[in-house]
Amino acid sequence: MIATQSPHSNGKVIRIINARLVGKQTNALFDIELADGRVQTINPAVARDDCTTSTVEFIGQTDLDGSKVVDLRGNFLAPSLVDHHVHSAAWTHHTRRLDLSNQASAAGVLQVVAERLLGESGSETLVGCGFRVGAWPDLEALNLFNLDRIAANRPVALICSDLHSMVCNTAALNFLNIPVDEYADGWLREKPCFDATVQLGDVGDEKLDEWIAEMALQAAAKGVTEIVDFEMNHNIRNWTRRIQQKGFRTLRVRAGMYQPHINDAISRGLKTGDTIPETAGLLTVGPYKIITDGSLGTQTAFCHAVYPGTQNRGLWIYPDETLQSMAEYGTKNSLTLAIHAIGDQANHRTLRILDSLSPPSLSGSSIEHAQLVSENDVHLFKKLGLIASVQPEHLNDDRELCGRYWPHSTGRAFAFKSLLDAGVVLKLGSDAPVAALDPWRAIAAAVSRCRGAVDAGGEFADGFHPEQKIGRADAWIGSTSNGKAAVSVGDVADFCVLESDPLNCDLEQLRNMKVLGTMLGGNWTFKLENE
């Protein structure tokens with residue numbers, strides 16, 4: 001059910017007592033007073049008896065002066081978290097589709113699909129997702145012919161984990177109104193895949209909004225109060241509906257826009273950072289998203305070197321002059337840019353085009369992903385004031401693919417420390433559903449470059465290119481809602497309550513952080529029931 005409370009406190013005073021503060025003295029206790037949805041005071045805690053860390057006591061009664069009291073009993077109060085790159089509708093669909101993430105061969109995928117079809121009746125399209133193609137010995141067997149063999153009449157569409165390609169049977173291509181003779185092997189890549197994904201995700205506003213509400217509550221349980229949403233539908237329109245008509249109050253949303261939607265915002269006089277009226281302060285205009293190349297797994301990331309055994313360097317979607325014109329148009333209309341660039345040549349060309357913009361891109365513009373960057377290009381991020389919006393969990397998911405497709409460049413893949421050392425601001429996200437909407441996994445991946453106990457004693461026990469590990473404070477600040485390590489006076493009351501200190505706990509505690517509560521604008525969006 002969608003939460004219905006206001007995100008702001010409307011003059012209500014809240015006292016949070018006996019809190020340890022992440023980023024402050026670890027053992028010191030503080031009392032914090034909130035009013036009007038902001039932090040008013042932070043003071044050393046008044047001495048009290050019976051303060052333990054065994055539980056959080058969310059006190060329900062009201063003091064005589066009308067203020068509410070929340071006793072954290074020595075647990076940690078921290079800024080809440082932001083996921084800087086989410087595809088919200090795709091994430092909600094992903095959790096409801098046939099999960100193929102554990103498959104490591106075409107034969108395995110086909111078997112799982114066949115077994116699912118045997119257990120079902122009906123004619124609706126079966127959509128599978130999550131499989132990550134790599135060194136599969138039989139990859140060519142995952143094609144239209146073999147899907148037709150096990151599903152002659154029912155549409156089947158299987159979406160790769162990177163969202164940049166899918167394979168369909170004949171019935172699915174017909175359903176999607178895609179000419180079979182143009183895609184004889186059933187594979188759709190890049191724009192045809194994106195368009196098909198949008199069509200497959202059309203379940204109607206009512207159902208999608210309910211699913212989005214569930215996704216938001218799951219995010220709140222991770223300590224998240226904000227997302228930057230790059231869903232390919234009309235984000236401002238859709239999120240306005242959810243907030244105004246459905247009473248959505250669980251997350252702040254920065255709504256990213258693509259080419260088909262920016263003119264609607266521009267015609268309304270909207271610019272990046274503007275709050276959409278009558279959305280309870282939750283919905284703001286996000287950046288203008290431009291995709292310049294593909295992905296590593298689909299071998300469409302645009303690179304200087306060819307992919308081994310091929311003459312393919314990947315896909316550069318726009319001519320340089322077109323990309324420059326698009327970037328200038330967005331900038332002149334007061335939109336920050338969020339430019340998808342994964343391969344090193346895509347990053348190289350994008351950076352040089354942005355370097356020639358007049359006027360220059362706005363502060364807050366970003367390169368999304370920046371997965372493979374040439375050493376000579378790193379300084380341009382800093383010179384241009386660009387944010388590197390990265391998804392650390394991808395380095396764990398794609399490390400084998402890096403070795404296969406970028407064999408001579410793996411040291412430049414996910415080069416977070418090189419970017420930080422050059423003075424570049426890092427913002428962390430998930431690219432959900434490509435990785436889970438879980439900032440704790442992202443932070444842990446950035447600081448360890450491994451999967452923790454899963455990698456113990458293995459090839460990546462010390463991490464994938466451990467020289468590119470970043471400090472815990474840098475990863476933490478790249479994920480917090482206030483862009484700082486600690487809660488400060490004047491901050492919006494967007495918090496999470498944690499059992500452990502993320503700056504000092506062990507790696508497994510960090511990766512599996514226990515969130516006890518999440519507060520947005522002074523109201524709880526998640527509370528773990530007292531044990």
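A contact here means heavy atoms within 4.5 Å.

**Figure 1. The whole fold of the predicted model.** Take the contacts with a separation of 6 or more: 72% of them in the protein come from residues 24 or more positions apart. For 531 residues, a compact globule would have a radius of gyration near 24 Å, and the protein agrees, since it has 24 Å. Its C-alpha trace spans about 75 × 55 × 55 Å along the principal axes.

**Figure 2. Surface and charge of the protein.** Of the 531 residues, 57% count as buried. The accessible surface comes to about 21000 Å², and carbon and sulfur atoms own 50% of that. On the charge side, there are 48 positive and 64 negative side chains, with the centres of the two sets sitting 3 Å apart.

**Figure 3. Tryptophan 239 with phenylalanine 248, an aromatic pair.** Searching the whole structure turns up 7 aromatic pairs. In this one, the ring centres of tryptophan 239 and phenylalanine 248 are 5.2 Å apart and the planes meet at 70°, so we call it edge-to-face. The cut-off for that label is over 60 degrees. Tryptophan 239 is buried, at 0% relative accessible area, and phenylalanine 248 is buried too, at 1%.

**Figure 4. Phenylalanine 414 with phenylalanine 416, another edge-to-face pair.** Here the ring centres of phenylalanine 414 and phenylalanine 416 lie 6.4 Å apart, with their planes at 80°. Pairing needs centres within 6.5 Å, so this one counts. Both phenylalanine 414 and phenylalanine 416 are buried.

Methods: Residues numbered from 1 in each chain as written. Heavy atoms only, no water. Rg over C-alpha atoms; globule rule 2.2 N^0.38 Å. Buried < 20%, exposed > 50% of the residue type's maximum accessible area, 1.4 Å probe, protein only. Areas by Shrake-Rupley, 256 points an atom, 1.4 Å probe, with all protein chains shown as cover. Lys, Arg positive; Asp, Glu negative; His and termini not counted. Charge placed at Lys NZ, Arg CZ, Asp CG, Glu CD. Phe/Tyr/Trp six-rings, centres within 6.5 Å; stacked < 30°, edge-to-face > 60°.
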